[in-house]
Amino acid sequence: MKLTDDQQALVDAEDSLFAAACPGAGKTRAMVARFLKRTAEEPRRGIALISFTNAAVDEVRRRCGNQGEALRTPHFVGTFDTFIHRFIVTPLYLKAYRRKPNYVQSWHDVACTSFRLRDMGRTKNLVLKWFDFDPDGRAHLNLNRVPQDFGDAGAHRMLAQRKQETEVSASHIFGRLLRAGTITCEAARVLATFWLGSAEERTILEGLLRARFAEVIVDEAQDCGREELGILEFLRDCGVRVVMVGDVDQSIYEFRNATPAVVQEFAASLPVQLALEDNWRSSPAIVAFNSGLRSGQLLESARGEHSVVQTPVHLIEFSALDQIVPAALDVAEQYKLVADELVVLSHAEAHGMKAAGVVSLEGAGSNRVLAIANAGCKLRSRETDPKARKKAVDQVQRAILAALTVGRETQHHSFAAVCEEVGVEPRWLESFAVRLALSLDAEGKTRSDFAASVRDSLKTADWGTVLAPASSDLGNLFKAPSEGAWAGVASFGNNPSIRYSTVHGVKGMEFPGVVLVLPDRLRVDKVTERTVLDDWEGDHNTEARRVLYVGGSRAQQLLVCAVHRKHTDRVASLLDAKGVPYVKA
Ligand SMILES: Nc1ncnc2c1ncn2[C@@H]1O[C@H](COP(=O)(O)OP(=O)(O)OP(=O)(O)O)[C@@H](O)[C@H]1O
């Protein structure tokens with residue numbers, strides 16, 4: 001397929017640039033074409049193509065196909081996190097601490113990042129991911145990230161009052177982790193920003209980066225937070241060309257400090273500005289829906305094979321989530337689409353899950369027996385995607401590690417470091433976890449029978465060279481789950497009739513049909529006190545509104561808005577006002 005003139009302009013530009021691209025603009029294709037051209041042109045220095053997710057990186061690698069040279073040093077195709085680790089933090093950490101840091105994905109991977117204050121009463125633990133950190137390591141609690149189930153209204157008030165106290169504890173933990181060499185992606189960003197603020201470290205990095213890279217190309221540039229933008233600014237100052245491609249309306253990572261306004265400001269400072277306004281993915285009605293939600297300046301039009309599809313957006317009303325799928329399948333059938341071609345999307349996972357008839361394990365807490373029962377079902381089901389599979393196996397590995405580290409101080413260490421400390425080979429642990437989960441079937445068992453069989457298996461297991469856990473500890477660690485949590489086990493194995501995902505989980509993807517769910521209780525932003533519909537009506541450019549835009553714009557032929565009956569009138573008026581062709585079922 002030939003590139004369009006706009007896509008070609010992105011490939012050929014000879015200076016730093018920002019290309020604003022509408023959904024389905026074919027930016028991945030254009031960026032890969034540029035990457036291949038530039039890697040062939042540059043004799044000595046590297047070209048970096050940076051994305052935000054591993055899935056996007058894999059897609060780029062796949063599209064580079066047989067052009068293996070482009071994927072070898074000095075070039076780089078990887079995530080922004082890997083770029084920061086490899087080219088910024090590792091060299092400077094080595095210099096400062098004389099050893100290599102140990103990177104972990106998130107705070108969740110390190111035990112001590114969940115903590116309590118004195119006299120907190122009946123609340124859940126505080127976790128580090130609710131905090132932002134200054135470059136000097138000072139913590140700031142972001143109350144918007146505290147989930148509702150932290151505690152009752154009193155507990156939330158208490159937290160707001162004791163904000164400072166929580167921040168002192170969080171700053172301490174952060175410092176201890178840093179000294180232990182345990183660095184999460186977030187901490188790496190904080191460190192990078194800190195070091196970029198020092199003239200001495202800047203000089204060291206400048207030498208390294210200037211010699212290594214001629215150009216960095218950033219995919220999904222709207223997801224850059226302040227830290228990434230600081231790094232790009234630094235690269236530009238080092239004489240490295242910066243090529244950014246993105247859609248500021250698809251910025252849905254504000255929790256990572258990615259705000260469209262700061263990206264726009266940086267983007268505007270780049271010498272070349274391009275716009276890709278042809279949507280090759282969607283039908284005209286879906287393009288109209290996108291335009292009705294967009295805050296930016298792009299004038300999107302349908303250009304691809306679906307530009308001839310006349311299907312309007314469908315608005316369906318529900319009062320219970322389980323009514324959505326049957327109604328959506330009915331609509332889909334009118335257009336000869338089958339269940340496999342649809343995906344149910346929601347902001348919060350629970351809504352899509354419930355609509356698709358899947359029982360959630362959330363709320364099951366950290367019961368280890370339940371984690372093993374869940375992993376068994378997930379591993380046996382052919383429907384489980386690799387991410388869910390990994391998550392389930394991870395939980396079992398953690399349960400086993402807990403049994404192997406009773407009485408040890410493992411709090412400040414990552415999963416990998418704990419394995420090393422107790423002499424467990426991570427691969428062995430993984431296969432042990434998989435075998436354990438597969439050897440036990442929860443179906444038809446009572447919760448106490450199943451818990452007993454877990455303990456028996458662990459007692460009689462072949463632990464190889466690893467020191468087996470004491471039987472006396474197993475009773476404490478592997479207790480039967482609560483009755484309520486166990487009741488959910490019965491439905492673990494039920495395969496949903498239709499796929500579902502959060503909107504965040506389908507970024508960059510496309511589907512013939514999308515069912516976008518607006519539930520009964522819409523999220524109320526703690527700061528603005530507005531819901532997504534207030535934002536849309538009042539023309540406020542907020543993340544909640546952009547989440548709708550990203551969700552809807554995944555659809556190629558059919559977009560069904562499944563809206564709780566409380567809100568259908570408002571949504572209908574909005575679609576009218578924005579000129580979106582739609583029908584209400
Ligand atoms: N020049 C073109 N001619 C025909 N089809 C194209 C062209 N460019 C892209 N496409 C098709 O349009 C669809 C969308 O492309 P792609 O997924 O690269 O978009 P995107 O810009 O990354 O979208 P988003 O930002 O919404 O995730 C793909 O199916 C792709 O094959």
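Residues 24 or more positions apart supply 76% of the contacts with a separation of 6 or more in the protein; contact means heavy atoms within 4.5 Å. The model is predicted, so local features need pLDDT of at least 70 and side-chain atom pairs count only at pLDDT 80 or more, while totals for chains, interfaces and linings use all residues. Residues are numbered from 1 along each chain as its sequence is written, and side-chain values use heavy atoms, with hydrogens and water left out.

The protein holds 23 helices and 20 strands. These are DSSP runs, numbered from the N terminus: helices (H or I) of at least four residues, strands (E) of at least two. The C-alpha trace spans about 70 × 65 × 55 Å along its principal axes. Of the 585 residues, 52% are buried, that is, under 20% relative accessible area (1.4 Å probe, protein chains only).

The ligand is surrounded by 17 residues, where near means that a heavy atom lies within 4 Å. Gly24, Lys27, Arg281, Glu510 and Arg554 are the closest. Helix H2 (residues 27–41) gives the most to this shell, with three residues.

Polar contacts are pairs of N or O atoms within 3.5 Å; within protein, one must be able to donate a hydrogen and the other to accept it, and residues adjacent in sequence count only if both atoms are side-chain atoms. A backbone N or O atom of Gly24 lies 3.0 Å from a ligand oxygen atom. For Arg554, a polar side-chain atom lies 3.0 Å from an oxygen atom of the ligand.

Methods. Buried < 20%, exposed > 50% of the residue type's maximum accessible area, 1.4 Å probe, protein only.
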